[in-house]
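The sequence and structure come first.

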Amino acid sequence: MNEVIPELLTYDEAALDRSFATLADEVRSEASALTTPEAQENFRLHWLGRKQGRLKLISEAWLKSAPAEARKPLGIRFNQLKQQIESALESPSATAKKPAEQGIDITLPGAVRAPGIPHPLLKTMHEIVSVFHHLGYSTNLGPQVESDFYNFEALNFPPNHPARDTQDTLQIAAQHTRPGRDRLLMRTHTSPVQIRTMVAQAPPIRIVIPGKVHRNDAADATHSPIFHQVEGLCVDTNITFSDLKGTLDHAMKALFGSAVKTRFFPSFFPFTEPSADVQISCIFCGGKGCRKCKHSGWIELLGCGMVDPAVFASVTAERRKTNPADDAYNPEKITGFAFGMGVERIAMIQHGISDIGHFYSGDMRFLEQFA
Ligand code: DAH
């Protein structure tokens, strides 16, 4: 390194410009090699070192002996140089050499980076949600760690009721000192967000609730202990079972094509009365019967029903804790319907996927097919 300070013969602006340009070139070329922390430290000492740093030597050689009128132009250039050094230390790459100077062959083909795509499950979830957004629904979300009250009790699964056995899940440990209704578990369905929504807001309500749910189910080709659902809830005056049928028939046609037919089968869910399972005509055989629909011509897809008055009663009891006169969910005045569907199941039918495990495998050969 060159510790010789160039001589400054005159102090006119042109001479100052020339001398500082030489120094700026020096800084630039040294800054381009600051690839390691050691190189940076050496560079810093070389220029900014308190005793032997070049800036210090330059200030002694040039500033001190400068005539009064040259001090200002000299000082300005001196500060610019100092700033150049400091910014080289802050972002060494900014002053680094351009690619061509580093010997990069710009005629080589570039590295192609494949853009990311949404996971097929997310894509289906967004598709379902957007069908309902077009009908004027909004989206609500809720926690995956849920209390017994929201997941079961308020949805008319009383403690120890056998209906709970169909939705076994993981409990959060060390909860026995809490009252039963406050005990935490991994939610088994998205239905608890129906309750959260109604407790928080009065009708009219039109919401969809996408999210992750958990069950103590052994994994097989069609089951996974963690999966996804989209829930729906509509509460208003004069909502009837016909509204439910029309809404879901439209949604199934929007998702699977306008040729799809729907039918509603009596079923049971504690939180709806009456309850139904919705089946669509088999999209693989058009209803003639094939292996996929077990030769029935129909595929069962989701659960639904009219909101049970017992659910409105739980909601009202919660709302009356803050407003004793609350009557927003009086079942004499309002009615509603709800539905819930499995995202995995719908995505598997959409794409003809036979093993649910593919969704979670992270296997690029599977995922790339959705790009
Ligand atoms: N929560 C139900 C389940 O996970 C699905 C369901 C059925 C949701 C009927 C609903 C409904 O909102 O009305 O099995």
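Is Cys304 buried or exposed? In this predicted model, Cys304 counts as buried, at 1% relative accessibility.

**Cysteines**

The structure holds zero disulfides. Cys290 is in none; its nearest cysteine sulfur, in Cys285, is 3.7 Å away. Cys290 is buried, with a relative accessible area of 16%. For Cys304, the closest cysteine sulfur belongs to Cys234 and is 13 Å away, which is too far for a bond.

**Ligand site**

The ligand is surrounded by 16 residues. His189, Ser191, Arg215, Gln229 and Glu231 are the closest of them. By class, the shell around the ligand has five nonpolar, nine polar and two charged residues. Three strands each supply at least two residues of this shell: β5 (226-236), β8 (298-307) and β9 (335-342).

Oxygen atoms of the ligand lie at the following distances from side-chain N or O atoms.

| Residue | Side-chain atom | Ligand atom | Distance |
|---|---|---|---|
| Gln194 | polar atom | oxygen | 3.0 Å |
| Arg215 | N or O | oxygen | 2.8 Å |
| Gln229 | N or O | oxygen | 2.9 Å |

How much of the ligand's accessible area does the protein cover? On its own, the ligand has 360 Å² of accessible area, and the protein covers 92% of that. Arg215 and Gln229, listed in the table with side-chain contacts to ligand oxygen, are also among the closest residues of the shell.

Key. Residues are numbered from 1 along each chain as its sequence is written. This is a predicted model: local features need pLDDT of at least 70, side-chain atom pairs count only at pLDDT 80 or more; totals for chains, interfaces and linings use all residues. Side-chain values use heavy atoms; hydrogens and water are left out. A disulfide is a pair of cysteine sulfur atoms within 2.5 Å. Buried means under 20% relative accessible area, exposed over 50%, partly exposed in between (1.4 Å probe, protein chains only). A residue is near a molecule or strand if one of its heavy atoms lies within 4 Å of it. A polar contact is a pair of N or O atoms within 3.5 Å; within protein, one must be able to donate a hydrogen and the other to accept it, and residues adjacent in sequence count only if both atoms are side-chain atoms. Accessible areas come from the Shrake-Rupley method with a 1.4 Å probe; for residues, only the protein chains shown count as cover. Helices (H or I, at least four residues) and strands (E, at least two) are DSSP runs, numbered from the N terminus. Ala, Val, Leu, Ile, Met, Phe, Trp, Tyr, Cys and Pro count as nonpolar, Asp, Glu, Lys and Arg as charged, and the others, Gly among them, as polar.
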